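Me: I would like to go through this model and ask, term by term, what each word rests on. Could you set each value against its definition before you conclude?

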Amino acid sequence: MAQAPSIVSEIDLLKETGAEKNCELIIFTTFSFDPHFFDNIVLKKLRKDNPIARIVVVADSNHIDFEKRTYETGREYRLILAPPTFHPKIFLFCSNKTGKTLIGSHNLTLSGFSNNLELSCKIDNRDITIEFLEIIKNLLSKLLSLDDPIFTDIDKQLQNKFIRGQTDLYTITNLELPILDQTLLKITKLDPKIRTVKIVSPFYSEPRKLIEKITNATKAEKVQICVQKNNHTLSSDEIKNLLHVEPLEIQAKQKRRIHSKIILFEGTKKLALVGSPNFTTAALNEIYQVGRSNLEIAVLVDGEKINSLLSELSYLSITMDEIDDSRMKNNQWLAGHYTHHIVTSIYDPFGYLHIEFASSPSLSGTYAELKSMKNEINMIDIGSSEKVEGRKLTFNCPVKLEPGTLLTIYSNAGLQVSNVSIVNILRSITDIMPIYNTMSPDQIIKTLAKASTFEDLVRLTISLWNPPEKTATSSEKQTSEDNSQPDILPSSWGRSQARKDILDILEELYSLTSSRANYPTGLASTTNYSKEDIVDIKNRIRRIPLKFTKCFENYKLKTDNSSSVYSIYLLYSIRLSEVLSKILQTDIQELLQREALLNFNTLIRNYGISLGDNSKLLSLLLYLESHSGLKLDEKLLLKLTSNIRINELNLFNTSYLEEMSIELNKKQDLYDIAEQLTISIIKSKGNLWENIQINPEIENKIFDYYQSIIPECKQIPKPVFMKAVTGIDVINLYGYGVYPRTEADGLPSFTTQIPLNEVLEKTLQIIKGNHINLNNESLTAILLNKLRKEDLRTILAFTLERGKARFTPGRIILKFRKQNEPKLAATR
Amino acid sequence: MSYEVYWTKKIPLNAIIDPLGIRSLRALEDIFLPGITTQTHRIRYFTFLLWAWNQVKDRKINLLQMEKLLTLIVQYNHGTNVPYGSRNTEKTQDFLQKKTEDATIDLAEFTDFGVPGSNYTVGYGDSLYKNSLAMLELVGTNDFREIKFSEAGRTIANSLEHAKGKEAFFQTSISKKELKELHDHFCLCRETITDLEVDLWRKIFFGFTRSDKTGTLVFDEDKFQSFQNNTLQYYRSPQEWYEIACSNQPEKIALGRGSLLLMILRIIENAEPSSQSVNQTIRDAIYFKQFINSKQEVQVIDFGSLEAFRTIWEVYVHNLYIMSFLEKTFGIFLKLLEKKPMGTRLENLISDLSFNKLEENFLSSIGSVDLSRSEEILSKELPGKTTLKTRINERDIFRKAQSSSTIEEKLSNYLVLLCLLKHRKMSFSEPQLSMLQYLERSTYNLSPNTLYTNILQSDLRKTIGALFRNLINNHRTVIAERYGAGTKCWLLTEEKGLLIPYSTPYEGVTYSETKWRNVLEFLYDLKLVEKTDQKFSISEAGSRWLKHQV
């Protein structure tokens with residue numbers, strides 16, 4: 001352990017918390033919480049220099065001074081109410097590059113920051129900060145569901161985790177073992193010859209038991225208990241007759257109230273336990289259980305430093321009587337245990353109240369009391385709610401809530417059955433909505449397919465612009481260093497700017513739509529909007545596709561111009577138009593889709609499209625064209641279809657749209673467009689045969705039909721007929737008394753009583769009707785219908801001798817086969 | 001080392017001014033006295049600056065250097081008896097003493113002149129007078145921060161143009177002989193002020209000005225003539241004065257400023273107060289229309305056509321008492337808290353008070369310990385307003401509270417004062433009530449109306465509890481607001497009901513209307529008031545001015 005004494009012995013907590021800049025995640029854990037102090041003094045500076053940070057305060061639910069709440073409480077930051085007794089005091093600041101932790105005895109109050117004498121351990125090291133973050137994640141996971149947005153941000157930080165080197169700092173929590181047990185284990189291992197133990201703490205319970213435990217483990221010869229007069233709870237009875245125990249009065253300069261908690265072990269080495277635990281059984285000798293025992297976090301640090309700090313205080317001897325006389329009275333913490341513990345509650349901009357309990361609640365016969373800053377009270381029956389899922393209750397709140405609203409649950413009999421909590425009415429959407437972690441395009445499309453509400457869409461949008469930072473592996477780093485190509489990835493600034501842009505729009509929409517609950521009949525009919533407002537709202541809405549397109553362009557297309565990305569763009573646009581039309585009950589769907597198509601044209605012109613399967617994209621495009629009435633650029637479509645085989649599986653499949661939950665309410669329009677496109681494609685490709693496939697089953701049926709219309713062949717076994725008409729074994733027919741004429745191409749021809757036109761029609765029907773994928777909705781069916789009058793006649797002409805009633809059935813079969821074979825080979 | 005361990009620092013605080021944020025209760029003086037602050041004292045400094053800014057622009061000279069010379073002139077010629085309000089006295093004295101009589105003084109060597117906060121790069125003119133001159137509409141700044149004069153401002157600036165010896169201000173050095181010669185034309189003392197200057201400044205302060213078509217301030221000779229002819233209407237109904245106060249129209253406000261100065265002149269004429277009692281005398285005269293003369297007799301004062309104007313200022317004095325009540329009781333609370341450095345709860349703090357003493361005082365003063373009924377009880381005894389002759393009045397109880405020896409006695413006297421103030425408020429006319437409401441706009445939960453409703457309760461313990469709680473809450477709000485502007489000014493901290501003193505002394509000021517002293521200094525420079533070591537009195541010119549006989 002290093003022996004260097006501290007040069008600067010004081011830290012200005014206000015300056016220290018205000019000094020952090022550009023953090024992404026800031027977490028405060030505290031026992032007491034003074035919202036007025038935090039909102040007015042800490043938060044303003046913090047928010048100014050950390051505009052995108054998620055800020056979280058976790059405090060003991062019984063020690064939040066709700067009287068001092070402000071309109072900002074739970075607005076810029078998330079307030080989590082941990083069940084009592086939640087005692088850790090950690091301030092953690094984190095970005096993907098930096099990390100700082102302050103751990104000590106200081107609460108998030110003005111006294112803790114400015115007046116009390118507190119001990120603070122400052123760790124200016126990201127790796128250790130990440131370790132604390134893991135501890136915090138661990139304890140938050142005991143309080144919150146894992147889909148809480150907080151975890152997204154925590155995990156993002158944890159991704160950039162490195163194994164830290166050896167340090168002399170040991171973090172100790174009572175999540176799994178009592179703090180004292182762990183401390184003594186560590187101490188005795190590091191220094192088996194502890195001689196003196198010095199204890200500084202304002203609060204004591206069962207000190208005898210704890211001291212005995214310490215002396216038994218360390219064999220210490222002297223234990224000094226330092227108390228500050230009128231600021232301790234030590235009773236002389238507890239230490240009377242204890243060998244080796246020496247009580248001392250401790251004094252601080254400027255009569256400062258000592259709130260620090262220290263156990264200093266002195267032997268050949270000096271080690272000290274500092275942090276949140278007082279010298280109480282609950283803090284040092286118990287394992288944390290939610291709502292049942294204390295949660296404490298401490299660090300074991302170099303005792304020389306602590307010794308040096310303690311030497312700045314004065315020590316006097318104190319008598320047992322003086323200890324009792326100067327003991328604090330009325331210092332009992334409020335126990336405040338209720339059957340229901342509200343950990344957090346969020347009122348979202350859509351008017352839903354989400355309440356999360358420490359355990360699954362039984363809400364039968366209960367009411368939620370909502371008390372505004374102006375002391376207006378609303379009672380809401382939640383007892384009949386069926387919307388409890390696990391620990392969460394979500395319901396559409398019948399009253400509009402304002403920031404600073406307190407929430408408490410009462411039984412029908414008027415008994416308070418929950419802690420008092422504050423409703424978080426967060427300003428930023430990202431603080432409210434869970435964010436999808438995936439960035440896989442397929443996954444996004446799947447999620448988009450399910451998105452039916454604006455909330456869903458917002459979640460997804462946030463995901464699109466909030467991807468987890470890609471952590472470059474060492475090999476990737478090497479590659480990128482070797483590569484002299486400029487980095488085409490948008491800068492993190494560019495990404496955050498794009499995200500900010502889209503979020504700005506969504507935030508605006510949130511505010512527009514947040515009154516939906518109050519105006520269920522929609523925008524058009526509400527009297528709360530003036531005509532000018534409605535025009536303004538519509539204009540703002542019209543800007544969204546363009547804004548979205550720009551963001552898409554800046555962020556997505558610069559790195560990926562695949563068909564999937566364009567599909568996301570189109571599907572998102574369709575969803576947005578649907579959802580906005582629904583919310584605002586205004587017929588803007590076509591308008592928005594038109595805008596989306598126009599923007600799509602621009603995008604694809606500027607960024608092109610990489611090779612790949614465009615079938616889904618085409619389906620979406622045809623859908624949009626049919627709905628918006630805007631004609632697509634044919635050249636563009638042909639380009640998109642260049643790699644597509646024209647059949648119903650690839651070009652246009654309604655099941656794609658069904659998968660994407662797109663309703664086909666203009667089917668005929670859609671088919672007409674698809675048909676035109678197909679014909680264009682076929683014409684552009686120039687070979688009709690390539691576009692028609694028949695499978696063996698259809699072929700079989702055609703054979704059956706042809707055999708049935710040639711009287712002399714009816715009795716011949718089918719395989720013989722098939723081989724003969726296709727020229728493989730014509731001679732075999734002779735054995736059955738059939739002697740057909742053989743044409744120049746070596747195929748046998750027959751006469752038939754059926755008019756040849758009918759034969760052609762029937763052949764067509766067989767191809768259509770029996771083809772497994774052919775039906776009236778499929779593209780091939782449309783294609784064949786269209787071709788019947790013109791092109792199919794040409795096909796069938798191969799089978800006929802013009803002007804004669806001779807029929808060569810093998811020609812059509814072989815023609816199909818010949819055209820299909822190379823394609824199958826290519827497919828294989 | 002991956003970590004460091006520290007004690008947390010006790011945060012050092014900035015100056016504690018108005019810790020309850022109640023200054024707006026006396027906003028009337030800001031409304032009607034623009035340009036006269038407690039920072040500015042001498043009218044010559046105004047004239048000098050207007051002249052100097054002109055020179056700065058034309059000659060590209062440094063204003064600070066010119067101000068240095070002005071200060072050296074004052075100091076050299078007046079020694080230890082410099083005019084009230086001169087700045088930098090001690091440092092200038094030290095600087096001069098180091099120079100022999102025949103030495104040439106290099107102004108660049110005079111380095112510690114100016115505002116310390118600016119590292120001596122800004123003079124007092126720039127920091128203290130500029131805003132006042134702008135409020136008087138004599139100067140302004142353009143987009144390039146250059147000084148722009150109004151026509152009236154230019155006229156005053158030119159009044160020094162012919163002063164003898166002005167070239168000295170463009171030199172970088174000076175001899176003591178020259179300092180002596182410059183006194184008669186440039187010193188800050190009253191003797192050097194010319195008749196022209198007096199005439200111009202009187203017209204400015206008494207509002208004989210108007211804005212011309214271009215918006216620049218010009219002297220209004222017609223208005224002045226009308227004042228002399230006694231046809232200028234000073235009488236306005238209380239309602240009109242209330243509306244003027246709210247109007248924010250410079251011309252109307254200037255009329256109000258003139259009325260206020262006439263009102264002060266009238267009080268000085270009648271009361272001739274000593275410099276020690278000037279604030280209280282003006283308070284009494286406005287509030288009671290009475291004052292205590294040098295023979296300790298109660299004397300009545302008639303405000304004539306300014307009576308309606310006085311009624312508006314009666315609200316101001318009422319508010320001054322409210323401010324005193326709040327600041328003094330906050331001081332008492334902090335003193336009690338100071339005895340508990342480890343912190344205490346409010347209920348424990350109140351329990352330590354001796355309520356027998358408190359009750360005793362209430363029974364003798366108001367006849368009841370039910371303070372919610374105080375107004376009703378007082379109204380029976382005093383159907384009208386209190387006067388300086390009634391058994392109990394605001395002035396006496398306030399003075400009694402100040403001289404009380406125990407905390408209980410002080411506290412009870414201040415609470416009696418609050419009861420009397422509530423009683424006074426009941427006599428307020430509609431315009432007065434409107435003015436009260438207008439002035440208490442931003443005083444959080446310590447506005448007079450709230451105090452009367454929420455603080456005075458049926459039980460003394462509850463009353464004191466409510467009072468202290470409101471004081472704490474208000475202070476907390478102020479802390480937050482000030483911190484937003486970078487000022488740390490908390491006198492206590494509170495954590496879950498545990499109140500902990502910050503050990504910063506605070507008692508609250510007795511008289512917050514310190515501006516009257518400055519007003520009198522201006523009137524002295526305008527030669528309308530005389531002053532001796534003993535008292536202020538009206539000058540002969542002042543008497544004529546009051547009669548509008550200029």
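Me: Which side chain makes a polar contact with the side chain of Ser120(A), and at what distance?

Reply: The partner is the side chain of His106(A), at 2.9 Å. A polar contact is a pair of N or O atoms within 3.5 Å, where, within protein, one must be able to donate a hydrogen and the other to accept it, and residues adjacent in sequence count only if both atoms are side-chain atoms; the 2.9 Å between Ser120(A) and His106(A) is therefore within the limit. Please keep in mind that this is a predicted model, in which local features need pLDDT of at least 70 and side-chain atom pairs count only at pLDDT 80 or more, while totals for chains, interfaces and linings use all residues. Residues are numbered from 1 along each chain as its sequence is written, chains are lettered from A and ligands numbered from 1 in the order in which they are written, and side-chain values use heavy atoms, with hydrogens and water left out.

Me: Which residues are in contact with Ser120(A), leaving aside its neighbours within four places in sequence?

Reply: Contact means heavy atoms within 4.5 Å, and the residues that meet this for Ser120(A) include Ile11(A), Leu13(A) and His106(A) as well as Glu4(B), Val5(B), Tyr6(B) and Thr8(B).

Me: What makes His354(A) partly exposed?

Reply: The value for His354(A) is 26%, which lies between the limits of 20% and 50%, so the residue counts as partly exposed. His354(A) is found in strand S19 (residues 352–357) of chain A, and its side chain makes a polar contact with that of Thr394(A) at 3.3 Å, again within the limit for the term.

Me: Why is the link between Arg266(B) and Glu269(B) called a salt bridge?

Reply: A salt bridge is a side-chain nitrogen of Lys or Arg within 4 Å of a carboxyl oxygen of Asp or Glu. The closest N and O atoms of Arg266(B) and Glu269(B) are 3.8 Å apart, so the pair meets the definition. These two residues lie in helix H11 (residues 250–271) of chain B, three residues apart, which is about one turn of the helix.

Me: What makes the salt bridge of Lys385(B) and Glu314(B) a tie between parts of chain B?

Reply: The side chains of Lys385(B) and Glu314(B) meet at 3.0 Å, N to O. Lys385(B) lies in the loop between helix H16 (374–381) and helix H17 (394–403), whereas Glu314(B) lies in helix H13 (residues 307–338), so the pair ties together parts that are 71 residues apart in sequence. Lys385(B), at 33%, is partly exposed, whereas Glu314(B), at 0%, is buried.

Me: Where do Arg469(B) and Glu494(B) lie?

Reply: The side chains of Arg469(B) and Glu494(B) meet in a salt bridge at 2.8 Å, N to O. Arg469(B) lies in helix H21 (residues 460–484) of chain B and Glu494(B) in strand S11 of chain B, so the pair ties together parts that are 25 residues apart in sequence. Salt bridges that share partners join Asp34(A), Asp65(A), Lys68(A), Arg469(B), Arg476(B) and Glu494(B) into one network.

Me: How many salt bridges does the structure hold over all chains?

Reply: The structure holds 60 of them.

How values were computed
Helices (H or I, at least four residues) and strands (E, at least two) are DSSP runs, numbered from the N terminus. Buried means under 20% relative accessible area, exposed over 50%, partly exposed in between (1.4 Å probe, protein chains only).
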